[in-house]
Amino acid sequence: MTAAVAKSTAHSIVEASPRTKAFAGTLVILYALITILPLLWIVATAFKSQSDAIAYPPKVIFEPTLEGYVNLFTVRTRQTPDFIAKLPAPETWYDKLVRKHDMVIAGPSKVVPRFVNSLIIGFGSTFLAVFLGTLAAYAFSRFRIPLADDLLFFILSTRMMPPVAVAIPIYLMYRQLNLTDTRLGMILLYTAVNVSLAVWLLKGFIDEIPREYEEAALVDGYTRLQALRKVVLPQAVTGIAATAIFCLIFSWNEYAFAVLLTSGEAQTMPPFIPFIIGEGGQDWPAVAAATTLFVVPIVMFTVLLRKHLLRGITFGAVRK
């Protein structure tokens, strides 16, 4: 009896004291503030004027303006006050805002095409990487493949080299195949980079799904593909969601290959944002506005899948 009580006590979980809970809560809040402060500063800078954005010491209290977003989405030219006075009254609020600085809008900027390129390339490569990774992970998990461990290590080894190590060979190959500055070329490249991560993550999730479920489905007359689609995939949705988020974050933020392989038609936001130039130098409110817009899709995608993400990260962590 004493041994049983001792064994039960040894495996019991001791509740944290109020002081420990308060200390842990303080650390979490402090970490959250430190993490989110740069993002909040970027969002605030997008609503500052150029003078407020570069003021020293930095201004925390300022008069908000939409100049940064107007400068981001338009191309402007400076005119003389006499020329501005001869123009008809501004028809829109942003025309009025620009004319305060003796400038007129010459046309739209390139931010919208660059943002669309990021959406197409990021989500397209993520879909392909997760799709191919799911099939490969299922094969490694359920079938006896010769040299499976060696193949898995080779797949993972493609993530070990820094991008600069393979940048020149990829550039020469893409130039021969006429894939430079194309959306298709960037989607294929990001898919090739992400599929290794997808295979390794999804294999762990599929390994946790009992084989008996598939065997029962096969006995009921399902084909292997039907068992995969109707039995395995619904149970692996948490892992698929977590893998999709990680793959999208890489494709969305990738800079080195985007700079090397794109310059116009397929250029994405990461190489475009640093070259947002205003009159007399870097237009920091416009850069902050572009960064804010650039973060929104990732935040929305993560929020929509947050339940699956939390379950996917902890899936298989507790074993019987």
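Where does D181 lie?

Modeller: D181 lies in the loop between α9 and α10. A quick word on the ground rules: this is a predicted model, where local features need pLDDT of at least 70 and side-chain atom pairs count only at pLDDT 80 or more, while totals for chains, interfaces and linings use all residues. Residues are numbered from 1 along each chain as its sequence is written, and side-chain values use heavy atoms, leaving out hydrogens and water. The helix names come from DSSP runs (H or I, at least four residues; strands are E, at least two), numbered from the N terminus.

Back to the loop. Phi of D181 is near 55°, a positive value in a residue other than glycine. N178 sits in the loop between α9 (163–177) and α10 too, and its phi is near 60°, again positive without being glycine. N178 has 62% relative accessibility, so it counts as exposed (over 50% is exposed, under 20% buried, partly exposed in between, with a 1.4 Å probe and protein chains only).

There's a peptide bond to look at as well: the one from Y56 to P57 is cis, with omega near 0°. P57 is found in the loop between α3 (50–53) and α4 (67–73).

Now follow the chain into α10. Helix α10 (residues 183–207) packs against helix α8 (residues 148–157) at an angle of about 135°, with the axes 8 Å apart. Those axes are lines fitted to C-alpha atoms over the stretch in contact, and angles run from 0 to 180 degrees between N-to-C directions. The two helices are therefore oblique to each other (under 35 degrees is roughly parallel, over 145 roughly antiparallel, 65 to 115 roughly perpendicular, the rest oblique). Their crossing is left-handed, which means the near helix is turned anticlockwise from the far one by less than a right angle; clockwise would be right-handed. L152, F153, I155 and L156 of α8 meet S196, V199, W200 and K203 of α10, contact being heavy atoms within 4.5 Å.

Elsewhere, the structure holds nine aromatic pairs. Rings of Phe, Tyr and Trp (its six-membered ring) pair if their centres lie within 6.5 Å; planes under 30 degrees apart are stacked, over 60 edge-to-face, the rest tilted. F115 and W252 have ring centres 6.1 Å apart and planes at 90°, so they're edge-to-face. With F115 in helix α7 (residues 111–142) and W252 in helix α13 (residues 237–253), the pair ties together parts that are 137 residues apart in sequence. F115 is partly exposed at 22%, whereas W252 is buried at 3%. F123 and W252 also pair edge-to-face, 6.5 Å centre to centre with 70° between the planes, and this links α7 to α13 across 129 residues. F123 is partly exposed, at 32%. Ring pairs join F115, F123, W252, F294 and F301 into a cluster.

S118, in helix α7, is buried, with a relative accessible area of 3%. Leaving aside residues up to four places away in sequence, S118 touches F123, W252, T268, M269, P270 and F294.
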